[in-house]
Amino acid sequence: MQEKKFIAMLGGGQLGLMFTESAHKMGEKVIVLDPDKDCPAGKIADRFLNTDYLNTNSLNTLIENCDVCTTEFENIPYKTLEILEKKIKVYPNSNALKISQNRILEKNFMQNLKIPTTNFYIINSENDLSEIKNINDWPYIIKTSTFGYDGKGQAVVNNFKELNKAYKNLKSDSFILEKKVNLKMEVSQVACCYPDGIVLLPISENTHINNILHKSKVPAEISINSEEEIHKITTTITKSLNYIGILCVEFFISKSGDIMVNEIAPRTHNSGHYSIEGCSESQFDHQVRILKNLEPKKSSLLKPSVMVNLLGDLWSNKELEKNLIDSDGVFYHLYNKNIPKNGRKMGHFTVINDSLNMANKIADDIFLKLKDEK
Ligand code: ADP
Ligand code: MG
């Protein structure tokens, strides 16, 4: 039998790119599968399979050349994972992927574990809609049950009329209707689940602009009790999914202090990018270590860190002014994407500093300058 010398990565976006960079640093080779011929990770992969995710030849190539497979994208058909699982190790497992792909399965999963979420209704038909016309604690947020990301596939609704309109506009077979939370803060927890032990990264505090992550500050300024609660919930989720791989749990903390799970992502996460420079081991290093069955390593925070996303909006027909970012303690990453569309994640930068306040100020100043320059 030929030696299986590659790691399989399903998806070639920026998370796949940064994973491949970590893998290369550790002397590993990666085969990336992605239908987009221009995808970022395809450009640095050791082999790039440019087909759809169910292509039999591609899946056979992965099985022949890899003994382990991972993903960076939750909308891979879970059938792909089911097929691969029969032959090679697949982290995350197909069941975890299936649950995180569908907001209805995800909410039911949390409910079964008695993990708090927002109040919600499931909408599968117009009939379900009419049954909830007595809601009197608007506003709510309607979300398509599948294929939502970066705030796409959702709308805030302030009354029943707006709900009906959004239901028609969003065009999906099924939805979750969620109470809009009066947010004090959003935080996320990246969990690195090794076959024999879990490593939790420092919790990050996230701000969004237009429902897209804008900034992550680490460590999150939350109480020890909240931190313990978040650790407990995350561990319950990973155990119950028999999870191996990287999992991110997004949390809401309401103005009244309630901690709720917003959603889970069965992969590395944008809010964990700070860990590349901010931690002794990044989320991508952990992903490689888990796949190679290496020992769990702690990820201590080296210094307070602030990460800011660079969206296509900052380009507007010209190159980004990189000299505005260049400075001591500031690290930037560009993802090799060709077309800087509005809302598209083109890169990010991370500021690390002995003081979180100072890191935050430097990050805000750089972002404002980049915006003014556009
Ligand atoms: P996506 O898959 O696009 O990340 P999310 O459900 O995480 O979808 O929503 C994106 C962002 O929209 C959240 O991070 C939060 O800022 C806001 N949001 C979503 N749902 C709610 C809610 N129920 N209450 C308050 N804000 C919300
Ligand atoms: Mg989200």
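**A walk around helix H10**

Serine 282 caps the N-terminal end of helix H10, with one of its side-chain oxygens 3.1 Å from the backbone nitrogen of phenylalanine 284. This is a predicted model, in which local features need pLDDT of at least 70 and side-chain atom pairs count only at pLDDT 80 or more, while totals for chains, interfaces and linings use all residues. Residues are numbered from 1 along each chain as its sequence is written, chains are lettered from A and ligands numbered from 1 in the order in which they are written, and side-chain values use heavy atoms, with hydrogens and water left out.

Helix H10 covers residues 283–291, and nine of its nine residues are buried, so the helix is largely enclosed by the rest of the structure; here buried means under 20% relative accessible area, exposed means over 50%, and partly exposed lies in between, with a 1.4 Å probe and protein chains only. Helices are DSSP runs of H or I with at least four residues, and strands are runs of E with at least two, numbered from the N terminus. Among the buried residues of H10 are Phe284, His286 and Arg289, and the helix is followed by asparagine 293, whose phi is positive, near 55°.

Which helix has an axis that comes within 8 Å of the axis of H10? It is H1 (residues 14–25), and the two axes cross at roughly 65°, where axes are lines fitted to C-alpha atoms, for helices over the stretch in contact, and angles run from 0 to 180 degrees between N-to-C directions. In this pairing, Leu15, Met18, Phe19, Ser22, Ala23 and Lys25 of H1 meet Phe284, Asp285, Gln287, Val288 and Leu291 of H10, contact meaning heavy atoms within 4.5 Å.

Leucine 301 touches Pro202, Val218, Pro219, Tyr274, Gly278 and Cys279, not counting residues up to four places away in sequence.

Elsewhere, the magnesium ion (ligand 2) has Glu250 (OE) and Glu263 (OE) as its protein donors, 1.9 to 2.3 Å from it. Glutamate 250 belongs to strand E14 (residues 245–254) and glutamate 263 to strand E15 (residues 259–265), so that the pair, 13 residues apart, links distant parts of the chain. Donors are N, O and S atoms within 2.8 Å of the metal (3.2 Å for Na, K and Ca), and because water is not among the atoms, sites may look incomplete. Both glutamate 250 and glutamate 263 are buried.

Conventions
Polar contact = N/O pair within 3.5 Å; in protein donor to acceptor, adjacent residues only side chain to side chain.
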